Amino acid sequence: MTLTNQSSSRPVVLTAGSTRITFESGPLLMGVLNVTPDSFSDGGAYLTIEQAVNHARQMQAEGADIIDIGAESSRPGARPIDETEELRRLIPVVEAVRATVALPISVDTTKAAVARRAVQAGAVIVNDIRALQGDSLMAGLVAETGVAVVLMHMQGTPQTMQAAPRYNNVVEEIAQFLRERTQFAIAQGIRPSQIILDPGFGFGKLQEHNLQLLAEFETFAKLGYPLLAGVSRKQFIGNLVRQPVQERGYGTAGAIAVAVLKGAHIIRVHDVRAMKDTATVVSAISRHARSSVEVSNA
Ligand code: HH2
């Protein structure tokens, strides 16, 4: 499968199994499908296979380019689940989505055994919020199967991360972390073209940290890999607009506009239709800017 958007200035190529993803007309939309009872924004909404597949189809119709399926919530304070439970929730949904939706599937998991089963079921991206540090077998699995991997920054764990996040220079420290995790991945046999980076909005970050990361987002785009922005409906947006989770769409659009302008390649969102339009308009404008962020890992 090749996903190609036609008119971007950034020649970045991502290989995800047999899927080749280019970003030629700006960012791709990753639609979130949480098959959890407790996710912060859509927990409990897609618990049956039918509900999950319908939502994936709807996101495809609304313009999603990738479906990211997660079975374990990572919201602050979330209770971890074991491998058996994660497999039980996730795999039938990956299989069903794969059978009905013609989009690359990403799985949001930190466990190598879960990722392996998901890849066997058709997933081509492993979205690892622990950046290959949670399970010593994860790097080998990604290298062996050739799927893409998201390396995300998190300070602490979901249980503790919002207790007291601390940085001297949040942008520089996270950029350095992402450089180190990239070097580790490559040393484990993962090809550069398999890697996606993500500074991890809301994962061990105070309000000021999240805003700073977005204000200097181009720093991460310059690292030379596809860059993912996961800002959708998050608390730092709620703190600004003073709206409950479901009412943070307009606020999210503002954050996404900045992320796209500053070089994001993949936008992870709940509200696909609105964010697709937001990203389309901003990326069309940014293509007319005289200085743009050039990224190439090809
Ligand atoms: N955010 C969430 C989950 N996974 N993965 C990446 N790469 N980046 C993110 O910012 C990110 C992520 C949290 O959002 P959500 O999936 O909606 O909630 P929950 O973790 O409660 O299921």
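These legends go with a set of close-up views of the predicted model.

The model is predicted, so local features are described only at pLDDT of at least 70 and side-chain atom pairs only at pLDDT 80 or more, while totals for chains, interfaces and linings use all residues. Residue numbers start from 1 along each chain as its sequence is written, and side-chain values use heavy atoms, with hydrogens and water left out.

**View 1. The open sheet has eight strands.** Their order is E9-E8-E7-E6-E5-E4-E11-E10, with parallel pairing. Strand E9 (195–198) and strand E10 (228–229) sit at the edges with a single partner strand each, so one side of each has no neighbour in the sheet. Strands here are DSSP runs of at least two residues (E) and helices are runs of at least four (H or I), numbered from the N terminus; two strands pair if DSSP finds at least two bridges between them.

**View 2. Strand E5 (residues 66–70) is largely enclosed by the rest of the structure, because five of its five residues are buried.** Ile66, Asp68 and Gly70 point one way, Ile67 and Ile69 the other. "Buried" means under 20% relative accessible area, "exposed" over 50%, and "partly exposed" in between (1.4 Å probe, protein chains only).

**View 3. The largest pocket holds about 510 Å³ of space.** It is lined by 34 residues, with Phe40, Arg75, Phe201, Phe203 and Lys234 nearest its centre. Helix H6 (207–215) and H8 each give two or more residues to the lining, and H8 gives the most, with three. On a 1 Å grid over the protein atoms alone, a pocket is an open set of points with protein on both sides within 12 Å along at least five of seven lines, where a 1.4 Å probe fits; lining residues have an atom within 4 Å of a point. The volume is the space filled by probe spheres set on the points, which are joined across faces, edges and corners.
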